[in-house]
Amino acid sequence: MPEVTARGVRFHVQTLGPDDGPTVVFVHGLVMDNLSSFYYTLAAPLAARGVRTILFDLRGHGLSARPTSGYTPADNAQDLLEILTVLGVRSPVYLLGNSYGGVVAMRTALLAPDRVAGVVVVEAACGGIVGDLWLEDMVNTLTVAALGLEFDRTQEQLFSLGQRKIARLAANASALLNGTSLIDDLGSGPWFDDLSLVDCPVLGVFGAESSLIGAAAELAEEVPDCRLHVVNGLGHTVLREATGELLDTVFDWLRV
Amino acid sequence: MSDVLVQLSRIISEVVGPDFLLGVEITPDTTFSDDLGLESIEFVALADKLREHYDVDLVGFLADMDIDEIMAMSVGTLATHIESSRA
């Protein structure tokens, strides 16, 4: 398994495509998500068009190590930047974040503007009222899930029923939610900066039926160089259910 | 069972862990998701191991399928692809 050690943590990293040229780094969502959601959707087609793609599992997720702390969006952004440093990526990269990954991508762009050429935000609220409510809702949902996993011993019941896949997902989610500071870290915000300070181009892609659609207008209003694309008939599942449309939109925006 | 299927079964057991496989016999019809309970991130790890072992790149092969199709694939389908890539 390709690994990179950054900030003392072992990260699972996959790269597809050429070794240099325009680079897209993918940032996945929280808890049940990992780099495979990009590996099977956007990465290969972009790589086939000559884009270097870098995918990594956030700390505590997928096949990366699960340290007990360091789960704020700022930590995730620092992890991303350090992984790029270890990989020897010096020129500015494009970041594509789905759901919570969009928060991390935007945080990275604000933290290190000289290292980020542009940001694609897919179904994420990165500021404003919608963003605050979304993060609050996430913390509440995860807290309830953590309690359920802890007291029902869900994963043990599933393993005994031979449900390996769901049992593993439940076991990993429980270890992350009950064994690390993730929920406390997310709740210790505010995590959003003034989006008018974002000085790179931003593409926002949202589902028309998503509860985050209000964030689209906020993004376009605040970010100086922002393009929006709204996918009709979908909610939060744009990446998985409108992969082709998302790819075309990203290709057009990147002009590759 | 073909040589590739035997090797593939061994590599799958490395990824899945031998404990779970005690009760599962891998045949060409065995599916990754339903029968082996493989998570999508574990299929990424499997693709890595196949690249190391066979020097076969699955990215092009998988690019034509969505994630549900990949996970619903049978071990035999993957073995056939590996055999044809090496021919």
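## Confidence

The model as a whole scores ipTM 0.85 and pTM 0.93. For chain B, the mean pLDDT is 85, and 91% of the residues of chain B reach 70 or more.

Within chain B, confidence is highest in helix 3 (residues 40–54), at a mean of 90. Confidence is lowest in helix 2 (residues 18–21) of chain B, where the mean is 66. Where pLDDT is low, the predicted coordinates should not be read in detail.

## The sheet of chain A

Chain A holds an open sheet of eight strands with mixed pairing, in the order 1-2-4-3-5-6-7-8. Strand 1 and strand 8 (226–231) of chain A each have a single partner strand, so they stand at the edges and one side of each has no neighbour in the sheet. On average, neighbouring strands of this sheet are turned by 25° against each other, direction ignored.

At one end of that order, strand 7 and strand 8 of chain A run parallel and are joined by six bridges. In this pairing, A:Gly204 stands opposite A:Leu228 of strand 8 of chain A.

## Strand 3 of chain A

Strand 3 (residues 23–27) of chain A pairs in the parallel sense with strand 5 (residues 93–98) of chain A, over four bridges. The bridge partner of A:Val27 in strand 5 of chain A is A:Gly97. Strand 3 of chain A also runs parallel to strand 4 (residues 52–56) of chain A, and four bridges join them. Here A:Val24 stands opposite A:Thr53 of strand 4 of chain A.

Is strand 3 of chain A mostly covered or mostly uncovered? Five of its five residues are buried, so to speak of the strand as mostly covered is in keeping with the cut-off of 20 or more other C-beta atoms within 10 Å that defines a buried residue. In a regular strand the side chains alternate between the two faces of the sheet. In strand 3 of chain A, A:Thr23, A:Val25 and A:Val27 are on one side and A:Val24 and A:Phe26 on the other, and both faces are covered.

## Helix pairs

In chain A, the axes of helix 5 (residues 128–152) and helix 7 (residues 164–179) come within 9 Å and cross at roughly 115°. The crossing of these two helices of chain A is left-handed. Helix 5 of chain A brings A:Leu142, A:Ala145, A:Ala146, A:Leu149 and A:Glu150 to the contact. From helix 7 of chain A come A:Ala170, A:Ala173, A:Ser174, A:Leu177 and A:Asn178.

In chain B, the axes of helix 1 (residues 3–16) and helix 3 come within 10 Å and cross at roughly 135°. That angle makes helix 1 of chain B oblique to helix 3 of chain B. The crossing of helix 1 and helix 3 of chain B is right-handed. Residues making the contact include B:Ile11, B:Ile12 and B:Val15 of helix 1 of chain B, and B:Ala45, B:Leu46 and B:Leu50 of helix 3 of chain B.

## Contact between the chains

The contact takes 15 residues from chain A and 15 residues from chain B. On the side of chain B that touches chain A, helix 3, helix 4 (59–63) and helix 5 (67–72) of chain B each supply at least two residues. Helix 3 of chain B gives the largest share of that side, five residues.

## Backbone details in chain A

The peptide bond from A:Gly189 to A:Pro190 is cis, with omega near 10°. A:Pro190 is placed in the loop between helix 8 (182–187) and strand 7 (202–207) of chain A.

A:Arg7 is a residue other than glycine with a positive phi, near 50°. A:Arg7 is in the loop between strand 1 (3–6) and strand 2 (9–16) of chain A, and is partly exposed, with 15 other C-beta atoms within 10 Å. A:Val31, not a glycine either, has a positive phi of about 65°. A:Val31 lies in the loop between strand 3 and helix 1 (36–39) of chain A and is buried, with 21 other C-beta atoms within 10 Å.

Definitions and conventions:
Residues numbered from 1 in each chain as written. Chains lettered and ligands numbered in written order. Predicted model: local features only at pLDDT ≥ 70, side-chain atom pairs only at ≥ 80, totals over all residues. pLDDT = per-residue confidence, 0-100. Buried ≥ 20, exposed ≤ 12 C-beta atoms within 10 Å, placed from the backbone. Pairing = 2+ DSSP bridges. Axes fitted to C-alpha atoms, helices over the stretch in contact; angles between N-to-C directions. Parallel < 35°, antiparallel > 145°, perpendicular 65-115°, else oblique. Left-handed = near helix turned anticlockwise from the far one by under 90°. Contact = placed C-beta atoms within 7 Å.
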